[in-house]
Amino acid sequence: MLTDEEFRDVVGDPAALYFQVKRFISQHGQWTEMKHPAADRYRDRTGVTLHHTFWLLHVRRSDYGPDCPSCGKPYRTPRAKFCAECGHGIPLK
C-alpha cells in the first residue's frame, strides 16, 4: 500500500491512467499484459510486480479503513463498520 504522497509520485493522475488502461483494453481485447511506466515505478518502490497496470488504482492506503484488530487486514473502506475478512466489528461509540 502507498501513502497519498507515494501514490502521486508513482501514479501521477489516476484518471489519466484509468483512461489509458481502458483504451488499451478496448484496442487489445481481453486483459492482456500492459506495460506502463507507473507499474515500473511501483515495482521499484515496493518490490511487487503487478499482473496488470489497472491494479495501480487500488494501492492507495487512504482508500481503505484502519487495520482490523482481529485479523490485521484493512477494512474495505474508511467508513466500514466491520471487517469483511473475519467479520470483526468496530465498537459503536
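These are my notebook entries on a predicted model of one protein.

**Entry 1: confidence**

The mean pLDDT of the protein is 88. I found that 92% of its residues reach 70 or more. Then I went through the elements. Helix 1 has the highest confidence, at 93. Helix 2 has the lowest, at a mean of 88. I keep one caution in mind: where pLDDT is low, the predicted coordinates should not be read in detail.

**Entry 2: overall build**

I looked up the secondary structure next. The protein has three helices and zero strands. Read from the N terminus, the order is α-α-α. I then asked how spread out the chain is. The radius of gyration is 16 Å, while the globule rule gives 12 Å for 93 residues, so the protein is more spread out than a compact globule. The C-alpha trace spans about 50 × 25 × 20 Å along its principal axes.

I also looked at contacts between residues at least 6 apart in sequence. Of these, 33% join residues at least 24 apart.

**Entry 3: surface and burial**

How much of the protein counts as buried? I noted 26% of the 93 residues. The exposed surface comes to about 6,500 Å². Carbon and sulfur atoms supply 53% of that area.

**Entry 4: helix 1**

I went to helix 1, which covers residues 4–11. Its buried residues are Phe7, Val10 and Val11. They span an arc of only 75° around the axis, which puts them on the same side of helix 1. I looked at what they pack against, and found helix 2 and helix 3. The face turned away from the buried side carries the exposed residues Glu5 and Arg8. Just after the helix comes glycine 12, with a positive phi of about 80°.

**Entry 5: helix 2 and Phe19**

I moved on to helix 2, residues 14–28, where I found phenylalanine 19. Is phenylalanine 19 buried or exposed? The cut-off for exposed is over 50%. Phenylalanine 19 has 51% relative accessibility, so it counts as exposed. A general rule came to mind here: in soluble globular proteins, nonpolar side chains tend to be buried together.

I also checked a distance. Phenylalanine 19 and proline 37 are 18 residues apart in sequence. In space they are 15 Å apart, C-alpha to C-alpha.

**Entry 6: helix 3**

Helix 3 runs over residues 37–46. Which of its residues are buried? I listed Ala38, Ala39 and Tyr42. Seen down the axis, they fall within an arc of 100°, so they line one face of helix 3. Helix 1 is part of what covers them. Glycine 47 follows helix 3, and its phi is positive, near 85°.

**Entry 7: the core**

I finished with the largest nonpolar core. It has 16 residues. Those with the most contacts inside it are Leu2, Val10, Val11, Leu17, Tyr42 and Leu56. Helix 1, helix 2 and helix 3 each supply at least two residues of this core.

What does valine 11 touch, leaving aside its neighbours within four places in sequence? I found contacts with Leu17, Ala38, Arg41 and Leu56. Leu17 and Leu56 are among the core residues with the most contacts.

How values were computed:
Residues numbered from 1 in each chain as written. Heavy atoms only, no water. Buried < 20%, exposed > 50% of the residue type's maximum accessible area, 1.4 Å probe, protein only. Helix = DSSP H or I, 4+ residues; strand = E, 2+ residues; numbered from the N terminus. Arc of directions from axis to C-beta. Contact = heavy atoms within 4.5 Å. Core = buried A, V, L, I, M, F, W, Y, C linked by side-chain atoms within 4.5 Å. pLDDT = per-residue confidence, 0-100. Rg over C-alpha atoms; globule rule 2.2 N^0.38 Å. Areas by Shrake-Rupley, 256 points an atom, 1.4 Å probe, with all protein chains shown as cover.
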